[in-house]
Amino acid sequence: MNTFAKPKRIGILTAGGDCPGLNAAIRGVGKTAIVEFGMQVLGFNAGFSGLINGDFIELKASQLSGILTLGGTILGTSREKPYKLVAEDGKENHKPEKIIENYHHLGLDAVVCIGGNGTMKTAHLLSQEGLNIIGIPKTIDNDVWGTDVTFGFDSAVQIATDAIDRLHTTANSHQRVMIIEIMGHNAGWLALYSGIAGGGDIILIPELPYNLDVVIRNIEKRYEDKKPYSIVVVAEGIEHPKNQSAANYVAKTIEAATGVETRETVLGYIQRGGSPTPMDRILATRYGAFAAQCIADGNFGTMVAIHKNEVTTVPLEEVGGKLRLVEPSLGLIQKARNMGVSFGDEE
Ligand code: F6P
């Protein structure tokens with residue numbers, strides 16, 4: 001039985017890399033907290049830095065109007081990790097103590113931390129300190145453990161798919177091999193989904209070790225079969241030399257081996273910018289509203305999550321420090337293979 005009575009004052013922050021849908025989530029938490037539960041909402045600026053420095057603004061319902069469709073985050077974000085205890089000069093930085101002090105000094109009843117894996121790890125550690133914390137999972141990488149999907153992913157898939165669609169026409173005109181590098185250091189979800197949605201011929205992701213000889217033979221075979229161009233989608237995190245981008249390495253190697261003109265595109269931060277898709281607006285809104293409900297219910301130390309399209313919660317301690325990677329046995333990969341997509345790992 002939870003004895004938490006009536007939360008009155010809550011904080012929200014957005015941490016880690018930004019993504020489309022953050023403002024929709026802030027709005028979902030804030031409007032539900034204010035309108036449905038009569039709470040006061042403080043927005044902390046620039047991720048955990050705002051909590052450390054006591055840098056915040058009060059978010060009234062009027063400030064939460066008109067932000068649903070906006071990209072980025074009205075609160076700003078940072079990659080501040082308060083539990084990296086040793087500062088540059090080798091001394092302890094005391095940031096967690098500052099957060100705890102500010103939490104109590106400001107009379108906070110709970111803090112909603114919107115972020116990815118790193119943020120959930122920090123959220124868990126703060127929760128272990130006795131603070132009331134709720135996590136909301138976001139990232140274009142879709143790699144947060146404990147949920148079926150993060151918001152930001154659908155928008156990024158749309159952007160990356162549009163880019164691949166555009167590469168098809170220019171690749172065809174020039175009969176070239178086009179390499180497109182998609183974000184994802186550890187998880188290949190974005191490269192996989194946009195690669196399949198965009199009709200990529202070869203898709204290379206970190207979870208499936210590839211062999212460039214296999215890729216080269218595949219491209220040569222495509223030419224023999226009178227397919228005059230090829231689209232190769234690579235996740236930024238595939239194995240490649242440190243002094244080159246993944247796309248540059250793959251492009252140079254393919255061109256040298258096949259003699260076919262090869263060009264590379266690194267899509268970069270465009271994947272994180274702009275307005276969220278309707279699916280991401282809805283997901284972020286559901287997550288946000290549910291987080292406010294969790295505060296009202298005293299359901300702390302949890303991350304809101306989606307399982308089989310139902311919003312639920314998972315304990316933060318199960319989430320922190322883990323990544324949800326693409327399973328090589330995923331049915332979608334098998335179906336794509338059967339339809340002729342190469343993952344560079346088998347002939
Ligand atoms: O948001 C996730 C992500 O986009 C990764 O895929 C990417 O490698 C990383 O963030 C880069 O972000 P930053 O340069 O902001 O650290």
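Into which domains is the chain divided? I started my notebook there, keeping in mind that this is a predicted model. The chain splits into domain 1 (9–152 + 276–318) and domain 2 (153–272). For their contact, I noted 18 residues from domain 1 and 12 residues from domain 2. I also looked up the spacing: taken over C-alpha atoms, the centres of domain 1 and domain 2 are separated by 34 Å.

**The ligand's place**

Next I turned to the ligand. Why does the ligand lie between the domains? Domain 1 and domain 2 both give residues to the shell around the ligand, so the ligand lies between them. I then checked the pockets, and the largest pocket is the space taken by the ligand.

**The shell**

I listed the residues that surround the ligand: Arg 79, Ile 140, Asp 141, Met 183, Gly 184, His 185, Glu 236, Tyr 269 and Arg 272.

For Tyr 269, I noted a polar side-chain atom 2.4 Å from an oxygen atom of the ligand.

My last entry on the ligand is about area. Taken alone, the ligand exposes 400 Å², and the protein buries 77% of that.

Note on methods. Residues numbered from 1 in each chain as written. Predicted model: local features only at pLDDT ≥ 70, side-chain atom pairs only at ≥ 80, totals over all residues. Heavy atoms only, no water. Near = heavy atom within 4 Å. Polar contact = N/O pair within 3.5 Å; in protein donor to acceptor, adjacent residues only side chain to side chain. Areas by Shrake-Rupley, 256 points an atom, 1.4 Å probe, with all protein chains shown as cover. 1 Å grid on protein atoms, 1.4 Å probe; cavity = no way out; pocket = protein on both sides within 12 Å on 5 of 7 lines; lining within 4 Å. Sits in = over half its atoms within 2 Å of the grid points. Domains from an automatic or database assignment. Contact = heavy atoms within 4.5 Å.
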